[in-house]
Amino acid sequence: MSVEPQLLIGIRGMRAGDVPAVLAIEEVSYGYPWNERIFRDCLRVGYRGWVATDLDEAVVGYALLSVAVGEAHILNLCVAPDLRGQRVAERLVEAMTRQARADNAEVLMLEVRPSNKSARRLYKRLGFKRIATRPGYYPGPEGREDALLLSRRLVDLA
Ligand SMILES: CC(C)(COP(=O)(O)OP(=O)(O)OC[C@H]1O[C@@H](n2cnc3c(N)ncnc32)[C@H](O)[C@@H]1OP(=O)(O)O)[C@@H](O)C(=O)NCCC(=O)NCCS
């Protein structure tokens with residue numbers, strides 16, 4: 001019998017003790033990774049965080065969300081390289097969506113690099129639409145790169 005890989009993944013709230021494991025994934029995933037202080041500050045100021053864990057309770061992915069005045073913003077979403085392509089990020093986006101709705105957010109938003117094909121496929125599949133471009137938002141090896149601002153409505157328009 002085969003089991004869907006993502007069913008073996010658990011999702012729970014991020015704790016301060018998760019930061020070293022989160023940082024290890026962050027550093028192999030981004031050209032310009034966040035440092036430890038940024039993660040700790042996010043938790044300290046009350047942003048919501050989640051981790052995805054495997055059967056051994058090891059952290060294999062994480063997400064951070066801020067919610068303010070009706071808008072929820074995905075600050076970070078990342079899956080360990082060897083677990084990618086198994087819809088782990090989708091589970092993390094589901095957790096953020098539930099929280100955002102509970103906090104009465106009307107939209108869920110995020111920035112993504114135009115060059116980030118995997119992330120763009122994921123967000124398209126989950127119904128995010130491009131609403132704006134933020135010029136020169138990200139650092140890059142050949143100068144700054146724009147960000148695409150994507151959004152998904154969480155409540156139906158009347
Ligand atoms: C973007 C990211 C979070 C997606 O996580 P994931 O759990 O692999 O998501 P999915 O399984 O839904 O796969 C998304 C897309 O990745 C691609 N993909 C599939 N297998 C893959 C693999 N083994 N390795 C890399 N990418 C793969 C596919 O194009 C897939 O889209 P498809 O299912 O429509 O074919 C993950 O690639 C990641 O952590 N990237 C580095 C950090 C990052 O860019 N975060 C997003 C910032 S906005």
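**Pocket, sheet and salt bridges in a predicted model**

Q: Where does Lys124 sit?
A: Lys124 has its place in helix 4, where helices (H or I, at least four residues) and strands (E, at least two) are DSSP runs, numbered from the N terminus. This is a predicted model, in which local features need pLDDT of at least 70 and side-chain atom pairs count only at pLDDT 80 or more, while totals for chains, interfaces and linings use all residues. Residues are numbered from 1 along each chain as its sequence is written, and side-chain values use heavy atoms, with hydrogens and water left out.

Q: Is Lys124 buried or exposed?
A: Lys124 is exposed, at a relative accessible area of 67%; buried means under 20% relative accessible area, exposed over 50%, and partly exposed in between (1.4 Å probe, protein chains only).

Q: And how far apart are Lys124 and Glu57 in space?
A: Their C-alpha atoms are 30 Å apart in space, and 67 residues separate Lys124 and Glu57 in sequence.

Q: Changing topic, how much space lies in the largest pocket?
A: The largest pocket holds about 1,100 Å³ of space. The search runs on a 1 Å grid over the protein atoms alone, where a cavity is a set of points where a 1.4 Å probe fits but cannot get out, and a pocket is an open set with protein on both sides within 12 Å along at least five of seven lines; lining residues have an atom within 4 Å of a point. Grid points are joined across faces, edges and corners, and the volume is the space filled by probe spheres set on the points.

Q: Which residues that line the largest pocket are closest to its centre?
A: Of its 34 lining residues, Tyr30, Leu77, Asn116, Ala119 and Tyr123 are the closest to the centre of the largest pocket.

Q: Which element gives the most to that lining?
A: Strand 4 gives the most, with seven residues. Elements that each supply at least two residues of the lining include helix 1 (19-29), helix 3 (88-102) and helix 4 (117-125).

Q: What is the lining of the largest pocket like by class?
A: The lining has 19 nonpolar, eight polar and seven charged residues, with Ala, Val, Leu, Ile, Met, Phe, Trp, Tyr, Cys and Pro counted as nonpolar, Asp, Glu, Lys and Arg as charged, and the others, Gly among them, as polar.

Q: OK, the sheet: what order do its strands have?
A: Seven strands form an open sheet in the order 1-2-3-4-5-7-6, with mixed pairing, and two strands pair if DSSP finds at least two bridges between them. Strand 1 (10-13) and strand 6 are the edge strands, each pairing on one side only.

Q: In which sense do strand 4 and strand 5 run, and how many bridges join them?
A: Strand 4 and strand 5 run parallel and are joined by three bridges, with Glu71 standing opposite Val107 in strand 5.

Q: How many residues of strand 5 are buried?
A: Six of the six are buried, so strand 5 is largely enclosed by the rest of the structure. Val107, Met109 and Glu111 point one way from strand 5, whereas Leu108, Leu110 and Val112 point the other way. In a regular strand the side chains alternate between the two faces of the sheet.

Q: What do strand 6 and strand 7 form?
A: Strand 6 and strand 7 form a hairpin with six residues between them, and Gly143 in the turn has a positive phi of about 95 degrees. The two strands pair in the antiparallel sense over six bridges; Ala132 has Leu149 in strand 7 as its bridge partner.

Q: How many salt bridges does a search of the whole structure find?
A: The search finds ten, a salt bridge being a side-chain nitrogen of Lys or Arg within 4 Å of a carboxyl oxygen of Asp or Glu. One of them joins the side chains of Glu90 and Arg125 (3.0 Å, N to O). Glu90 lies in helix 3 and Arg125 in helix 4, so this pair ties together parts that are 35 residues apart in sequence. Glu90 is buried at 18% relative accessible area, whereas Arg125 is partly exposed at 41%.

Q: Which residues are linked in a network of salt bridges?
A: Arg37, Asp41 and Arg44 are linked in such a network. Within it, the side chains of Asp41 and Arg37 meet at 3.4 Å, N to O, and these two residues, four apart in helix 2 (residues 36-44), are separated by about one helical turn.
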